[in-house]
Amino acid sequence: MMVTNAIAAITAIISPTPHPLSPHTAPNTSLKMSTTTATTNDSDNSNDDTPNGIATATHRGGKGIICAGLSCLDLQLLGCTRSGSDEAIERYDRAVHCAGGSSSMTGTTLALLLREDKPIAGNRSNEASDGGEGSSDDDGEEKVRILTKIGPDHAGNTLLEFYRKAGASTELILVDSEVQTSMAVLPVFRNGKRGCFVNLACNDGFSAEELLGRLNHHCNLNGGCVSPPRAFLFGYPHLMPKMQGDNLRSMLEQVRRTYSKDIENDNETISNSDVNTNNKNNRHHRVLIGVDLNGVDGSDVDAARAALFPALSAIDILHLNEDEAKVLSSSSLHQDDEDEASSKGRTETKNGHDESSPIAAPIQSQLRSLHQKGCAIILLSLGSQGSYISITPDPNRLKQLSHSSSCASRWTPGMQVRVPAYTIGHGEVNANGAGDALFAGFCLVVSSWGGDAVRRLCAKRGGNDVNAWELTPEVAGTFASLVAWQRCDARTRDGEGMRSAFDLMDMMKKGDLPEILK
């Protein structure tokens, strides 16, 4: 019943205005975008340790999502054999290109999910809808904007076309004439697993200053950001040497300060301390910040931790897998901590029943160590076993999630939920990007659902039970698992035949879920 009622709420809240998918002229590739002249009109940012601030954003509530971070053009070799010998001649069935990397995978997944009843690509009746330079933020659309760095080459232009075909905006992308676009070769084996060989190229030099400069450039073109994003999602810091550690922290904090606003006074930015207060006279928009991990190197544990730990307090949702959790776990945890986790290692499963946790006690301790460093919500990928959602036990940290479009701040501190993975009946599986899709789906619902928007919707529809409309970790996890499920389906993963977010919600409402993967 909770799933059914909650789905009705999110369907109404995040329903986008349909718009044409029309390719437009690529950004000027002969010009290297300046990242050294960004300025700020916000006096609160004058002492910030980030070199480039972002112009003050006025707003009328959060709208849209920015997907930032690593990108590359993937060459997937599908149906690869794997004999086990380094010198064996392996075979593959066919080769396809796709948009790879966190910003690409997350951005195109979200854009495809939000694409509903839109004209086919090629309809040029409204080219600005694709997010050309200077397009307005206040046009009623739920835009997904990709923020990454590419070169003025064939691979970069191919990425731009993939983004536009999916319906994502390319207006924030930095085209640098002095770099090459990153490329990767991914053998996708017949069991659905994959390998990866990558030249990170432009990602190696993509800096926090450049990223903030693109946001500032966009705000300046529009005379200030009329509506800030509901969520800012950043991916793969361990593969981006200039956005790690303190640089990652200061960049995320700058984004937070710029896009978190007092709704009743659009000219003031809320500080971190302001968000923690219980001022009932003000309503806040606080942008949700999510970080997706990949490339965490277990051969240098200290470096892997140093790349992330300074930024954990700025991260609302952290997505990682079990191997990454093991590498990042704090060595200061004592055996009695693990024993306590083992004795208390019980979690609520999707059907609401209490049973032994599907993850080992040391992993639970590792998740707790990440919470202790400030992360609010952890989304742990378990592969074929689904996913595991862990909520911080600190109620004050959860309160920091309170903003106009999310009710995650009201989740139960310390709650843990397991959600299963689903079977692809016809057996044609391509798991590349499954984690990105899980992360995208989870952040979509958490950033889009709850707060005053729910109350207004209830009042408009004559409803009285506000609690019946609230999002739960179980519902968010189930939706995310469905997004990953169809991303792993080799027949629908690239858009054709892919269900929209609203189709997936309808499946949940009707209880028409796929078979659970055993």
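Keep in mind throughout that the model is predicted.

Is H319 buried or exposed? H319 has a relative accessible area of 5%, and because the cut-off for buried is under 20%, H319 counts as buried.

What does H319 touch? Setting aside neighbours within four places in sequence, H319 is in contact with V291, D292, L293, L379, S381, G435, L438 and F439. One of these, D292, also has a polar contact with H319, side chain to side chain, at 2.5 Å.

The largest pocket in the model has a volume of about 1,400 Å³. Its lining is made up of 50 residues, and those closest to the pocket centre are A431, N432, G433, A434 and G435. G435 has come up already, as a contact of H319.

Which elements supply at least two residues each of that lining? They are the strands β2 (72-80), β7 (183-189) and β14, together with the helices α9 (322-328), α13 (434-448) and α15 (473-487). Of the elements, α13 gives the largest share, at four residues.

Last, the aromatic rings. How many aromatic pairs does a search of the whole structure find? The search finds one.

There are also charges over rings. The charged end of R82 sits over the ring of F189, 4.3 Å from the ring centre. K373 lies over the face of F309, and here the distance to the ring centre is 4.8 Å.

Notes:
Residues are numbered from 1 along each chain as its sequence is written. This is a predicted model: local features need pLDDT of at least 70, side-chain atom pairs count only at pLDDT 80 or more; totals for chains, interfaces and linings use all residues. Side-chain values use heavy atoms; hydrogens and water are left out. Buried means under 20% relative accessible area, exposed over 50%, partly exposed in between (1.4 Å probe, protein chains only). A polar contact is a pair of N or O atoms within 3.5 Å; within protein, one must be able to donate a hydrogen and the other to accept it, and residues adjacent in sequence count only if both atoms are side-chain atoms. Contact means heavy atoms within 4.5 Å. Rings of Phe, Tyr and Trp (its six-membered ring) pair if their centres lie within 6.5 Å; planes under 30 degrees apart count as stacked, over 60 as edge-to-face and the rest as tilted. A charge sits over a ring if NZ of Lys or CZ of Arg is within 6 Å of the ring centre and within 35 degrees of the ring normal. On a 1 Å grid over the protein atoms alone, a cavity is a set of points where a 1.4 Å probe fits but cannot get out, and a pocket is an open set with protein on both sides within 12 Å along at least five of seven lines; lining residues have an atom within 4 Å of a point. Grid points are joined across faces, edges and corners, and a volume is the space filled by probe spheres set on the points.
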